[in-house]
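Trainee: I would like to take a close look at one part of this model, and then see how that part sits within the rest.

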Amino acid sequence: MGEVIVVTSGKGGVGKTTTTANLGTGLAQLGMKVALVDADIGLRNLDVVLGLENRIVYDITDVTGGHCRLRQALIKDKRYEGLFLLPAAQTKDKTSVNPDQMKELCADLRQEFDYVIIDCPAGIEQGFKNAIAGADRAVVVTTPEVSAVRDADRIVGLLEAAELRDPKLIVNRVRYKMVKAGDMMSIEDIIDILAIDLLGVVPEDEMVVITTNRGEAVVCDDHSRSGQAYRNIVRRITGQQVPLLSMEEDGLMSRIRRMIGFK
Amino acid sequence: MDTGRKVPVSFLQEDVEGEENTILIRRTLRSGQKFYYDGNVIVMGDVNPGAEVVATGHVIVMGQMRGMVHAGAEGDESAMVMAFRLLPTQLRIANHITRPPDDEIPPGTFPEVAKIKNGVVTIESYQTGRTAV
């Protein structure tokens with residue numbers, strides 16, 4: 001029996017879809033059987049980010065509406081054994097599915113997969129309610145900005161009210177230079193307000209833009225810091241203890257400093 | 001032992017005057033959560049920005065008060081707001097609405113009380129045993 005994790009945030013554009021794609025790919029690389037579910041009906045993105053948009057025949061509304069079997073709608077990613085995608089519909093909207101249908105869908109997926117990761121849409125209305133309906137655990141993604149943290153706090157409150165206790169936090173798009181200079185919220189500031197356990201911190205990285213446009217997950221890139229951060233998060237999900245990446249930028253000077261032995 | 005009696009053994013008249021209810025909230029109030037109570041409210045936790053506490057009596061926050069608070073909501077100007085750290089987005093007592101000053105006075109790191117004095121909402125540091133108006 002697998003685990004259903006919903007990746008949510010409240011605010012749009014903080015990295016839910018990117019995080020879903022990378023967590024799923026990372027877990028598949030560790031040999032798990034993973035199903036990614038795009039719950040953003042009407043504005044689907046998970047298929048694009050994974051490079052699977054050309055292979056969509058059936059989507060989640062076809063499954064919940066009974067027009068096809070779940071197996072027919074799931075797209076197997078040919079690059080990673082064990083990674084499957086259930087895409088959203090682009091020509092409908094979030095009222096096409098209701099929470100009970102999502103619960104049933106998650107129950108079916110749980111039978112076959114080790115992990116089911118649901119990409120939640122932005123907002124707190126029907127789309128959010130659908131996405132959390134079948135979940136066992138929640139991961140809240142935020143960026144170090146006042147507005148994103150405010151929305152994340154609202155989401156945590158709604159998750160607690162829906163009995164999804166103990167959500168985990170991912171802080172995305174952190175710029176360590178700005179945090180050091182006091183221009184950006186620090187991780188401590190964010191945890192002070194949200195008061196939930198930290199799952200990981202992902203630094204701002206141009207490689208995310210580059211790989212997304214190519215339909216690849218940055219977690220596969222050995223040289224990028226965001227890829228390394230996601231790989232660490234994936235290991236923490238499976239229960240391993242992994243220390244957080246250091247705050248140092250990966251420039252030439254800091255590499256020299258590290259070789260000589262300065263911190 | 002008579003367990004039915006609720007009157008304390010030694011008390012002053014002002015302790016039991018008014019017979020207000022007081023509710024204890026033992027969690028942090030998050031953004032978007034609104035709490036209304038007819039009586040006094042004690043929050044054992046923080047009140048995050050975007051959360052609202054509205055009480056007809058006093059509001060005491062044993063944590064950081066960072067949201068919106070309205071004490072004396074039905075017009076009681078003797079109502080007070082107290083917090084370990086008083087940093088509200090907006091503070092209201094009875095019909096008075098106030099907000100933090102525009103120039104950045106660094107917030108105190110000690111408990112503070114907001115109350116109406118001479119017709120104006122004033123904030124001062126909390127001194128134990130001296131909150132009678």
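In what sense, right-handed or left-handed, does α7(A) pass α9(A)?

Mentor: The crossing of α7(A) past α9(A) is right-handed, and since the model is a predicted one, this and everything that follows describes computed geometry. Two packed helices are described by the angle between their axes and the distance between the axes. For helix α7 (residues 146-161) of chain A and helix α9 (residues 187-194) of chain A, that angle is about 35° and the axes are 10 Å apart. On the α7(A) side the meeting residues are Val149(A), Ala152(A), Asp153(A) and Val156(A), and on the α9(A) side they are Ile190(A), Ile193(A) and Leu194(A). Sorted by class, this contact comprises six nonpolar residues, no polar ones and one charged residue.

Gly10(A) belongs to the loop between β1 (3-8) and α1 (16-29) of chain A.

Among contacts in chain A with a separation of 6 or more, 75% come from residues 24 or more positions apart. A compact globule of 263 residues would have a radius of gyration near 18 Å, and chain A, with 18 Å, agrees with that. The C-alpha trace of chain A spans about 65 × 40 × 30 Å along its principal axes.

Turning to the partner chain, eight residues of chain B are in contact with seven residues of chain A. The side of chain B that touches chain A is made up of one nonpolar, six polar and one charged residue.

Within chain B there is an open sheet of five strands, in the order β2-β4-β6-β8-β9, with mixed pairing. Its edges are β2 (34-37) and β9 (96-98) of chain B, and each has a single partner strand, so one side of each is left without a neighbour in the sheet. Neighbouring strands of this sheet are turned against each other by 10° on average, direction ignored. Inside that order, strand β4 (residues 52-55) of chain B pairs with strand β6 (residues 68-71) of chain B in the parallel sense, over three bridges, and Glu52(B) stands opposite Met68(B) in β6(B).

Chain B also holds an antiparallel pair, in which six bridges join strand β10 (residues 112-117) of chain B to β11(B), with Lys117(B) opposite Val120(B) in β11(B). The hairpin of β10(B) and β11(B) has two residues between the strands, and Asn118(B) takes a positive phi near 55° there. Strand β11 (residues 120-125) of chain B is hardly covered, since the count of buried residues among its six residues is zero.

Notes. Residues are numbered from 1 along each chain as its sequence is written. Chains are lettered from A and ligands numbered from 1 in the order in which they are written. This is a predicted model: local features need pLDDT of at least 70, side-chain atom pairs count only at pLDDT 80 or more; totals for chains, interfaces and linings use all residues. Two residues are in contact if their C-beta atoms, placed from the backbone, lie within 7 Å. Ala, Val, Leu, Ile, Met, Phe, Trp, Tyr, Cys and Pro count as nonpolar, Asp, Glu, Lys and Arg as charged, and the others, Gly among them, as polar. Axes are lines fitted to C-alpha atoms, for helices over the stretch in contact, and angles run from 0 to 180 degrees between N-to-C directions. Helices (H or I, at least four residues) and strands (E, at least two) are DSSP runs, numbered from the N terminus. A crossing is left-handed if the near helix is turned anticlockwise from the far one by less than a right angle, and right-handed if clockwise. Two strands pair if DSSP finds at least two bridges between them. The radius of gyration is taken over C-alpha atoms; the globule rule is 2.2 Å times the number of residues to the power 0.38. A residue is buried if 20 or more other C-beta atoms lie within 10 Å of its own, exposed if 12 or fewer, and partly exposed in between; C-beta atoms are placed from the backbone.
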